[in-house]
Amino acid sequence: MSATLNRLGLPREVYKGAASTLCAGCGHNSITNHLVKALFELGVEPSRLVKMSGIGCSSKTPAYFVSQSHGFNGVHGRMPALATGANLAHRGLVVIGISGDGDSIAIGLGQYLHLMRRNVDCTYVIEDNGIYGLTKGQFSATADIGSVQKRGQINTYLPIDPCQVALAVGCSFVARSFSGDGKQLVPLLKAAIAHRGTAVLDVISPCVAFNDHDGSTKSYAYVKEHEEQIQDLSFIPYFEEIQVDYEPGTTADVRLHDGSHLVLHKLGPEHDPTDRMGAMRLIEQSRQQGQLLTGLLYIDEEMEDFASREHLPQQPLRDLDEAALRPSREQFERLMAEFA
Ligand SMILES: Cc1ncc(C[n+]2csc(CCOP(=O)(O)OP(=O)(O)O)c2C)c(N)n1
Ligand code: SF4
């Protein structure tokens, strides 16, 4: 890979999309830039990429990266069904779902749970601003109790934490990050794409129009003051040599399914990212201390993904010919016997 071309010989421009129509300064725009960087550096083939989304400012994001790829902007909260369908139709595709906290944790909560439960192979980015940006700033289900709306209204409901929910249903990759922190988010995005199964990234992404004021717990200022990073992350793709030099005892090396490595250098509290209960405890403790914990919370590289569990073939389903699809005489008779 040269400075200007990636391992496929493609320039960074190929990974860009249409000009953003979101507000200047919106956290979602920064996430788009980090996605462009991650996909360019990983050398994902644009024709193998599928971008799925629902409804919201966040759900417009797929239009702003990798123009020459596939995508479907579905109805509100139904992105997981689209991601599942694409993965079943062709398990070799790289599926990235982009959603909002409203799209995923309110109207789409049921779909979110079942996608993770099945461990569908996809990267699931929640651009989390704690409000419904597109419909002008109502509290969403991730808004913290006591946080204040722009016009002064106080949220009196408990939040639903996308990461805690993901851990509860056994999601195989759970991480939290901040749109303003590319150093952390880019390696997490790369690891999520390399991971085989559902990789959830809850990315706090401030809405400058409706939720970036004093009293908001999803503003740039609040995150800067309260963020605690668990690890410093380096992602080494399978096609590069490991050249990270860390002091022994402070580093964990997670080997991903495709042979890539995620090197975690301890920064915050002691945490083993393969310990699901430990991750739950850590989130709860940090909440009680008024901190926002970011980093890789949990990973399980052993869990079978949906397509493998369903014994789907490697080739796209539409390429299966009649001979592959037609049951043998023996299989057919066995089937008929079941109805006798
Ligand atoms: C079925 C349905 N219900 C309600 C709406 C109205 N609506 C549009 S976007 C949205 C919420 C978007 O919030 P979020 O997913 O957090 O995205 P953001 O705009 O904050 O990025 C709602 C309620 C809709 N489009 N469709
Ligand atoms: S309204 Fe908020 S979420 Fe929507 S584009 Fe503007 S800043 Fe971003």
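Me: Before we look at this predicted model, how are the axes of helices and the angles between them defined?
Reply: Happy to start there! Axes are lines fitted to C-alpha atoms, for helices over the stretch in contact. The angles between N-to-C directions then run from 0 to 180 degrees.

Me: Great, so at what angle do helices H1 and H6 pack, and how far apart are their axes?
Reply: H1 covers residues 27–42 and H6 covers residues 182–194. Their axes lie 9 Å apart, and the packing angle is about 55°.

Me: Is H1 roughly parallel, roughly perpendicular or oblique to H6?
Reply: Roughly parallel needs an angle under 35 degrees, and roughly perpendicular needs 65 to 115. The angle here is about 55°. Therefore H1 counts as oblique to H6.

Me: Is the crossing left-handed or right-handed, and which residues of H6 make the contact?
Reply: H1 passes H6 in a right-handed crossing. From H1, the contact uses Ile-31, His-34, Leu-35, Lys-37, Ala-38, Leu-39, Glu-41 and Leu-42. Its residues, taken over both helices, divide into 9 nonpolar, 2 polar and 3 charged. On the H6 side they are Gly-182, Leu-185, Val-186, Leu-189, Lys-190 and Ile-193.

Me: Staying with H1, is Asn-29 buried or exposed?
Reply: Asn-29 has its place in helix H1, and it touches Ser-20, Leu-22 and Cys-23, not counting residues up to four places away in sequence. Its relative accessible area is 18%, and the cut-off is under 20%, so Asn-29 is buried.

Me: How many disulfides are found in the whole structure?
Reply: Let's take Cys-163 as one example; at 0% relative accessibility, this residue counts as buried. The closest cysteine sulfur to its own is in Cys-171, 9.0 Å away. A disulfide needs the two sulfurs within 2.5 Å, so that pair is too far apart for a bond. Searching the whole structure gives a disulfide count of 0.

Me: Which residue lies 116 places from Phe-178 in sequence but 7.5 Å from it in space, C-alpha to C-alpha?
Reply: Phe-178 lies in strand E7, residues 173–178, and counts as buried at 5% relative accessibility. Leaving aside neighbours within four places in sequence, its contacts include Leu-185, Val-203, Pro-206 and Tyr-220. The residue 116 places away in sequence and 7.5 Å away in space, C-alpha to C-alpha, is Thr-294.

Definitions and conventions:
Residues numbered from 1 in each chain as written. Chains lettered and ligands numbered in written order. Predicted model: local features only at pLDDT ≥ 70, side-chain atom pairs only at ≥ 80, totals over all residues. Heavy atoms only, no water. Buried < 20%, exposed > 50% of the residue type's maximum accessible area, 1.4 Å probe, protein only. Helix = DSSP H or I, 4+ residues; strand = E, 2+ residues; numbered from the N terminus. Parallel < 35°, antiparallel > 145°, perpendicular 65-115°, else oblique. Left-handed = near helix turned anticlockwise from the far one by under 90°. Contact = heavy atoms within 4.5 Å. Nonpolar A, V, L, I, M, F, W, Y, C, P; charged D, E, K, R; others polar.
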